[in-house]
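Subject: Structure for your review

Dear colleague,

Here is the structure I promised to pass on. Please open it alongside this message; my notes on it follow below.

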2 protein chains.
Amino acid sequence: MNARLNAHADAPASLDGLLRPRAIALVGATERSRWSNGAFANLGELGYAGQVHVVNPRGGHIHGLRAAASCRAIGEPVDAALLMVPAHAIEDAFGDLHEAGIANAVILTSGFAETGEDGARRQAALAGLARQHQVNLLGPNCLGLINYIDRIALWTIGLPTRLTGNVALISQSGATASYIADHAGRQGVGLSYIVSTGNEADLSVARLVDYMVDDEATRVICLFLETTRDTATLAAAARRALAAGKPVVALKIGTSPVTAKAAQAHTGSLVGDDRVFDAACRQLGIIRVHSIDDLVATAALLSRLRPRGGANVAAIAISGGICEIAADRAEASGLALPELSVRSRDALDEVMPSFGTPHNPLDLTGAAILDPALFARSIKVLDQDPDIGLIACLYDLPTEPRHGYSQQVIQQVGQAFSAASTPGVLLSIAPRPVPDFSRMLAEHHGLVYLGVGLDRGVAAIAQAQWWARQHPLSPQPSRTALPAGEDVQRPRSERETLDFLVTQGVPVVPARMATDPVQAQGHAASFNGPVVLKIASPDIAHKSDVGGVCLDVAVEEAADAYQQVRHAVASARPDARIDGVLVSPMRRHGIELLVGVVRDPQWGPTLAVGLGGVWVELFKDSSLRLLPVGAEDVLAMLGELRCSALLDGYRGGPVVDRRWLAEVIARIGDAALALGPDLASLEVNPLLASGGRIEALDGLVVWNTPVEPAQ
Amino acid sequence: MNARLNAHADAPASLDGLLRPRAIALVGATERSRWSNGAFANLGELGYAGQVHVVNPRGGHIHGLRAAASCRAIGEPVDAALLMVPAHAIEDAFGDLHEAGIANAVILTSGFAETGEDGARRQAALAGLARQHQVNLLGPNCLGLINYIDRIALWTIGLPTRLTGNVALISQSGATASYIADHAGRQGVGLSYIVSTGNEADLSVARLVDYMVDDEATRVICLFLETTRDTATLAAAARRALAAGKPVVALKIGTSPVTAKAAQAHTGSLVGDDRVFDAACRQLGIIRVHSIDDLVATAALLSRLRPRGGANVAAIAISGGICEIAADRAEASGLALPELSVRSRDALDEVMPSFGTPHNPLDLTGAAILDPALFARSIKVLDQDPDIGLIACLYDLPTEPRHGYSQQVIQQVGQAFSAASTPGVLLSIAPRPVPDFSRMLAEHHGLVYLGVGLDRGVAAIAQAQWWARQHPLSPQPSRTALPAGEDVQRPRSERETLDFLVTQGVPVVPARMATDPVQAQGHAASFNGPVVLKIASPDIAHKSDVGGVCLDVAVEEAADAYQQVRHAVASARPDARIDGVLVSPMRRHGIELLVGVVRDPQWGPTLAVGLGGVWVELFKDSSLRLLPVGAEDVLAMLGELRCSALLDGYRGGPVVDRRWLAEVIARIGDAALALGPDLASLEVNPLLASGGRIEALDGLVVWNTPVEPAQ
């Protein structure tokens, strides 16, 4: 038992007792169970220095230890218990834990929420037990945890790796965690923790991320997610991690349809769970990856190297072909490899006199085979270039002791990188393992080495550079949420929605209510030009479908148009309550945008912005952010649209004032938040933009619990 | 010397003498050269069974052999020479080869076209020497070749792999070939040949592909390309390979700007070298990949397994997380993993009773850890599903002899795959090496195993399935090129271009020439509605810029418009020859397409089709094919457009007759071919389509060698 294990003696509510227990109990231990044997063997293999107790109601000797009949019979303080009991015995086991004062439990047992409704009920009961007995519960349906730093395992299958390091791996799937850890180990990437959270009846990935932000041994936090729970905790933890300079890398799989409620609005089709998660990652500085390969490559890089935000990357290889593959892969990953400065090019010309203009990536050519010192000399030049923030050298480390030439290169590169102030990384050409020999060779020469191959390595560098650019940003949301007004009157109709938007500072096209033809004509005359007439009814959501809209009406035709609209609606929807007919000026020129807010079941209110018509309908060209957002965020969203250039005037089209447009959209986002938690969606479609005139032409609100029937 | 080496005795013009020489000469051999020592050592390492001669003007003993002073002094037939002489001695060496009757030479020497214009001249002289002396020349600036089947190396650096197999690797970069081969070896993928073609003064990758199509030992042909030369040979060889069922997998890097000439036309900006190569690959059934990892993964799969075209893929794993990663990666690779049939689901329910509805990918769950026979039983069910053409099992093979459970799984999977008629493949979860132990284990159990990880493995399966769908297609172009008419009058102006298109069966908007205002008004009246007036001049390409176009002119305004156009042009371009003013009906409704043919410097006439306006200008939304194409090909091109749905009526827009549109576009392609090899580009912009009315509204031809000045 070491000092670190004692450090949390006065903080029992934290997760220290679960992740760094001084004493543990294997409950349900028996030598006839492979799980029990596995758990005990793993403790021995890691060399756990704390106290191990075995618990079995039958007593006797198990795994060479005298078994206690129950936890309370142990008679000594125990921090965490690994429950290996059948489902029906879990309730009693919790009572036993409570009496023994054990505050942390790991439950491997499956057959809960993952099996359907009955299982979900059993799981809810389990969560209730945990709360009742004030036990932190990991699981059920998980594989447990391994703490490599303090040599602790509550883990029943074989240890996937033995390599200790600074990467914490938190996974909803135990088997996948095992595969990831195994691959990390083969790549020479050591772990601080593996935590398998399973069904997350109590402890979620989010809670574990929060813990790892403060864990001194952990430098990178890797996640495998099948779903997201407790997004508020996750968001807060991710922001803390970013502020602390601790990268979070997430591999998340699966997509789920949005709720039927949100899908009622047009925006719904744009907002898939997966795109919202993408937006959340961008906003929170979480690096998102899509394969085990990329997860390990990115973690490997960031566990060893701290990139500088905003600086360029330079690459070096001894083959033109490899340089060109690297350039192509960089482009595909969105990583810029800009040309070198004139000064660097001139300096490189002196180093390699006969090889023409040096480029980035820099081809040292076969000359470096005859003279390995070319590596060091060119790295020295690149290090002196203030624009370059990372130097990547493409070269394979040997995996066993027998490469004479390689040794020279490694020595040259190692010395040059060690002397340089610019961070450097050595990347293998193709994926290859990093066994102990390679790893120790790299360490000996002070080299950061990735064996993942240049394809994944370049992608990892691109991710790290992105992360470094997020890092100095404010870790707080750029605008705090406005208080959700409980006193806000719920807008029911288009008119009420637009009226509400006006109160929130959103410019809205003028509209006047007419209740007879003469009034309609008067309103049209007051607008001094062609107008639009629309039926106003709280019962009619889709006005065009019932003949309730008349476009481009001249002043002298406004009275007739009024009659036409009233008759059409009276015939199609005789039941509908009619407030009158709204008369608005006809807007011809401008760019139509769609601005929608949808409540994501996991992440809450999410803003989608796109250009109207074909762009969102056929191309799904939209940008997403979690709310709240400020105008600066919306400017970035507009820049992400593929059709962004249309806002700057196209073929004589209008040039839009982007700053004002962004401000208006941010206000629509705030307006949605002000409508409170029962809002399912708020959509402005179109928001018409032309120069500095930005106007909402139509608006629609959908509530989760409608107070009155709507069409 | 074996029988196979003798087989080509009567076919000296083929490449057999180069790739399977019975006797070789190392010219310029000396024990002071690492190249010479390396070449000799490699022959020994492979166990070359033919005759080795060393040549050095100083004679003596080199590498333990008596040196001949020259090739002609050898006095015995020699098939191939490895020239290791300085650049200035090459000319004499060729004379010596000629006198000695040696028909094949490998030249490693660098300092030719890769260094600039002087080098290019030296290389041209070298090519002339080769032709003059009727020598097949590999190089210069290459690394030589290795024939693993017949144990022959004309290769000076270390052998990158020793594993013999059925994958031929042909590369313009020797160093990159070496990295690829090394990675292939680590993945347990054996090679038949490595050929490094270097600068290709004589023998190109295309010639080597052609050779490998007929090579019995080669089943997959892998290429690394920095550029494409001799595309006609490459295309013909690729078609033969497809017909022979021998996949060609190409990793090509770099992009080059199109010729300035072609870029004059609008289409130029759409046709980058790289996109043309993509189109060529699609048309020729070449699998294109973008990284060494993918090249090796795809070759590994196709070297061992022949996929069935058109059939579905089913996947199996023992972790839900892994199943979901596989599903995500399949979607990203464009590989469908469709749901299983009801019959298969029912049958699987019997195999795995308590695990709910079976899906694809199929999660065997932890139950398979307790009962490895679940693998075999589920494979058996999937094998009986006639819709399934490939079964992928996600599982890691051990790399050393110590996994008890793995052995059981491998036995189960091996037996099930061997008994199945559906092809099966075992994929590792993450990238891991395939050392001899794993490779032999797989072979012993009759398993096709890839260690590239599921990300690359799934991508390789997607590529293989694509290839299998191409394979049964006609290996010939769907339309043979029309004879390029030398007697075709060169269209100079818009009018002449449109007139020419009419002769080729392309519908063109009516147009009548007016040479005075009254005539203009008469033409307008004959079209019975608003018209367009355009200046007609062979000297003016961009009519709008000089006020030469007047749109939407009413009949009664036509005379005035005529005057306006003439005055504007007379003022802007007083020098221009004027044929008159063309009067055409104004077309309001319809979808504008851009149809362009550009001569790619490597691949020749290439057709680009896109929707006009914002689609091609902002989105670069276009589809490319090498000419000739038939209407069926164009239908496929239209389907590839991201805005394809616009052709089917959008927001009240016209529904276009796709078949007729495709036929018209194919005729434009034929028209371009009919204009012969001096055509730089032909562009129809717009081609207006509305229902069954498809009309060229404007056309422009650019020639490589203009016969008269144009604006």
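Predicted model: local features only at pLDDT ≥ 70, side-chain atom pairs only at ≥ 80, totals over all residues.

Two strands count as paired if DSSP finds at least two bridges between them.

**A strand pair in chain A**

In chain A, strand β8 (residues 144-147) and strand β9 (residues 152-155) pair in the antiparallel sense, over 4 bridges. The hairpin they form has 4 residues between the strands, and A:Arg151 takes a positive phi near 60 degrees there. Within the pair, A:Leu145 has A:Leu154 of β9(A) as its bridge partner.

β8(A) is also joined to strand β11 (residues 191-196) of chain A, again by 4 bridges and antiparallel. In that pairing A:Ser196 of β11(A) stands opposite A:Gly144. Both faces of β8(A) are covered: A:Gly144 and A:Ile146 are buried on one side, A:Leu145 and A:Asn147 on the other.

**The interface between chain A and chain B**

Each chain puts residues into the contact, 52 from chain A and 52 from chain B. The area buried between them is about 4,300 Å², and carbon and sulfur atoms give 61% of it. On the chain A side, A:Tyr179, A:Phe619 and A:Tyr650 lose the most area to chain B, together 13% of what that side buries.

There are 10 residue pairs in polar contact between chain A and chain B. Several elements of chain A each supply at least two residues to the side that touches chain B, among them α6 (174-186), β13 (248-252), α11 (292-304) and α18 (453-470). The largest share, 7 residues, comes from α12(A). By class, that side of chain A has 24 nonpolar, 10 polar and 18 charged residues.

**Salt bridges**

Over all chains the count is 77 salt bridges, and 4 salt bridges are found across the interface of chain A and chain B. A:Arg432 sits in the loop between β18 (424-427) and α17 (436-444) of chain A, and B:Asp182 in helix α6 (residues 174-186) of chain B. A:Arg432 counts as buried because its relative accessibility is 10%, whereas B:Asp182, at 22%, is partly exposed.

Within chain B, B:Glu99 and B:Arg72 form a salt bridge at 3.4 Å, N to O. These two residues are 27 residues apart, B:Glu99 in helix α4 (residues 90-100) and B:Arg72 in the loop between β4 and β5 (80-83) of chain B. B:Glu99 is exposed at 55% relative accessibility, and B:Arg72 is partly exposed at 49%.

Another pair in chain B is B:Asp396 with B:Arg432, where the closest N and O atoms are 3.0 Å apart. The two are 36 residues apart, and both are buried. Elsewhere, A:Asp293, A:Asp294, A:Arg456, B:Arg329 and B:Asp455 are joined into one network by salt bridges that share partners. In the bridge between A:Arg456 and B:Asp455, the closest N and O atoms are 2.5 Å apart.

**One histidine in chain B**

B:His63 lies in the loop between β3 (61-62) and β4 (65-66) of chain B. At 13% relative accessibility B:His63 is buried. Beyond its neighbours within four places in sequence, B:His63 has contacts that include B:Ala29, B:Glu31, B:Phe40 and B:Val54.

Regards

Conventions:
Residues numbered from 1 in each chain as written. Chains lettered and ligands numbered in written order. Heavy atoms only, no water. Contact = heavy atoms within 4.5 Å. Buried area = accessible area lost by both parts, 1.4 Å probe. Salt bridge = Lys/Arg side-chain N within 4 Å of Asp/Glu carboxyl O. Polar contact = N/O pair within 3.5 Å; in protein donor to acceptor, adjacent residues only side chain to side chain. Nonpolar A, V, L, I, M, F, W, Y, C, P; charged D, E, K, R; others polar. Buried < 20%, exposed > 50% of the residue type's maximum accessible area, 1.4 Å probe, protein only.
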